[in-house]
Amino acid sequence: MRSDPHARPGRTTTPATAAEPLPWHSRRLTAAAGAVTAVVLAAGATLLSAAGPANAATSLGSLAAAQGGRYFGTALTQSNLSNSALTAVANAQFNMVTPGNEMKWDTTEPSNGSYNFGPGDQIVSYAQAHGMKVRGHNLVWQSQLPSWVSSLPSTQVQAAMEAHITTEVTHYKGEVYSWDVVNEPFNGDGSYVSDAFYNAMGVGYIADALRTAHAADPNAKLYLNDYNIEGENAKSNAMYSLAQSLLSQGVPLNGIGFESHFILGQVPSDMQANMQRFASLGLDVAVTELDDRITLPATSANLQQQATDFANVVKDCLGVTRCVGVSQWGVGDADSWVPGTFSGQGAATMFDQNYQPKPAYTAVVNALGGTSVTPPPTTPPSSAPPSSAPPSSAPPTSGAAGTCSVSDVVSAWNTGLTEQITVKNTGTSTINGWKLTFTLASGQTITNAWNATISPSSGSVSAANLSYNGTIAPGATTSFGFQANHTGNTAAPTNFALNGASCTSG
Ligand code: XIL
């Protein structure tokens, strides 16, 4: 859609851009009802609490939590909440949410003094229902800023900014872990962006914004957030000088967000050292919007490089004691902002178009100290009918005319695992109401599930749809998942059958 003005070759450059508003507005009108009830408890499960998700110990989030109490987050938009394949992965993997657009000024105060917190509230409710915390994003930014602000006489900008911050931060008081108070204040050369705030108040707008936010919610961690500051360069040097100056004035600044919108192969080699110099000032640091874009179509070599890139970023964070967490910008390639923003590029996240984990996911699990088992592809050779080579423990499938196929991904660690199961309607009529039966490997006991009701918790089990995901159109898929304890056997389930008819793998 547009070229990247900052792009230049070189290993330590990390061009990205986010400066201009994009036509996302239509998306916030999409209803997201229902999905907030996605977590269902199976036999023996405990309720989710604000202290952590019931899937703690399995996921990116829980692996990060085991690394000094860090988090692993994602961005969610309102429309994402009604996508069950997306939410299945979000619920299973992440324990922090950043609203993709819903807390930005053009949504929250579209006209002067008239506030709209409905979209942001939906994201917060969703996060709370799933034991995730929230990074508030963002209060002051030149982009996605309604024109009434930039049209104000400069004498009125400060009051408008302070009113906006006070009202929004008060609305979410106690409900957000942190705020990106000022977003993207710098140009690539380290000069300040000449937006309405800078033009009206000079650099003092940043201290004023931080003080105003602190007065409204003294417990929220207050951040400055920017892109292309991941390595040492003119822009990160400018951010460093600003941070030093603010701290020396006693301004309530708690952290720096490193957006980390990377181009494949261009994670700066000095990212850890650069984050460490900010941490050494007494600040938290966080990777706030991680993605790693590839020129499409992505090759398998690209995906391996991406795995290296993601793992390096996670290791860089783990190497800095005050790096509190990593957030990916989006859940999977299908909902990523990249293809709509950077023409010809995409495949920038850890999950593919169908929300299946990519090599980057496995690399991140490993970097976080977990183990991930992704079964090899189970699609039979095209020359053989599906029924010719069933797994030895499975009965023959119902043959080529079957109405379902099932793919599954196990992520295991020493005593537990999570399983993501995707069911496809391969028949020609719509399925209204489904029950998927399967056999759990011996020693596996389900402790909780999402997007399905599962019982009993071991042996031959049934997973039934919930109210919002019972319909599967021909060719469509639905996903659910569960967490289980195991005693050493991390094998995937077998004998999948949908409403009594055996399913093929794939
Ligand atoms: C992006 C959203 O993902 C898009 O949906 C929207 O159209 C534009 O903004 N830096 C930021 C984020 O701080 O708020 C941006 O999010 C991505 C770049």
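Mentor: Start with a word we need: contact means that heavy atoms lie within 4.5 Å. Keep in mind too that this is a predicted model.

Our part is Phe197. Find it in helix α7, which covers residues 196-201. Is Phe197 buried or exposed? Buried means under 20% relative accessible area. Phe197 has a relative accessible area of 0%, so it is buried.

What does Phe197 touch, then, once its neighbours within four places in sequence are left aside? The list holds Trp105, Val140, Trp141, Leu145, Val149, Val157, Met161, Gly202 and Tyr205. Then look at Ala209. Along the chain, Ala209 and Phe197 are 12 residues apart. Their C-alpha atoms are separated by 9.9 Å.

Gln328 is in strand β10, residues 323-328. Its relative accessibility is 0%, so Gln328 counts as buried. Setting aside residues up to four places away in sequence, Gln328 touches Gly73, Thr74, Ala75, Phe94, Glu289, Leu290, Phe310, Thr349 and Met350. Gln328 also has a polar partner. A polar atom of its side chain lies 3.0 Å from the backbone oxygen of Gly330.

Next, charged pairs. How many salt bridges does a search of the whole structure find? It finds 4. One of them joins the side chains of Asp180 and Arg135, with N and O 2.8 Å apart. The two come from distant parts of the chain, 45 residues apart. Asp180 sits in strand β5 (residues 178-183), and Arg135 sits in strand β4 (residues 133-140). Asp180 is at 0% relative accessibility, so it counts as buried. Arg135 also has a relative accessible area of 0% and is buried.

Stay in β4 for a moment, as Asn138 lies in that strand. The peptide bond between His137 and Asn138 is cis, with omega about -5°.

Another salt bridge pairs Asp284 with Arg322, at 2.8 Å from N to O. Asp284 is in strand β9 (residues 284-295), while Arg322 is in the loop between α11 (300-318) and β10, so the bridge ties together parts 38 residues apart in sequence. Asp284, at 9% relative accessibility, counts as buried. Arg322, by contrast, is partly exposed, with a relative accessible area of 34%. Then follow the chain from β9 toward α11. The loop between them holds Pro297. The peptide bond from Leu296 to Pro297 is cis, with omega near 0°.

Asp226 and Lys235 make a further salt bridge, their closest N and O atoms being 3.2 Å apart. Asp226 is buried, with a relative accessible area of 0%. Lys235 counts as buried at 2% relative accessibility. In the loop between β6 (221-226) and α9 you will find Asn228. Its phi is near 60°, a positive value in a residue other than glycine. Asn228 counts as buried, at 10% relative accessibility. Compare Asn495, in strand β21 (residues 494-498). Its phi is also positive, near 60°. Asn495 is at 27% relative accessibility, so it counts as partly exposed.

Back to α9, and on to helix packing. Helix α9 (residues 234-248) packs with helix α10 (residues 271-279) at an angle of about 15°. Their axes are 10 Å apart. Why call these helices roughly parallel? Angles under 35 degrees count that way, and the angle here is about 15°; α9 and α10 are therefore roughly parallel to each other. The crossing is right-handed. Which residues meet there? From α9 come Ser236, Asn237, Met239 and Tyr240. From α10 come Asn274, Arg277 and Phe278.

Finish with helix α13, residues 359-367. Its buried residues are Ala360, Tyr361, Ala363, Val364, Val365 and Ala367. After α13 comes Gly369, with a positive phi near 90°.

Now return to Phe197 in α7. Turn the view and find its contacts again, including Trp105, Trp141 and Tyr205.

Notes
Residues are numbered from 1 along each chain as its sequence is written. This is a predicted model: local features need pLDDT of at least 70, side-chain atom pairs count only at pLDDT 80 or more; totals for chains, interfaces and linings use all residues. Side-chain values use heavy atoms; hydrogens and water are left out. Helices (H or I, at least four residues) and strands (E, at least two) are DSSP runs, numbered from the N terminus. Buried means under 20% relative accessible area, exposed over 50%, partly exposed in between (1.4 Å probe, protein chains only). A polar contact is a pair of N or O atoms within 3.5 Å; within protein, one must be able to donate a hydrogen and the other to accept it, and residues adjacent in sequence count only if both atoms are side-chain atoms. Axes are lines fitted to C-alpha atoms, for helices over the stretch in contact, and angles run from 0 to 180 degrees between N-to-C directions. Angles under 35 degrees count as roughly parallel, over 145 as roughly antiparallel, 65 to 115 as roughly perpendicular and the rest as oblique. A crossing is left-handed if the near helix is turned anticlockwise from the far one by less than a right angle, and right-handed if clockwise.
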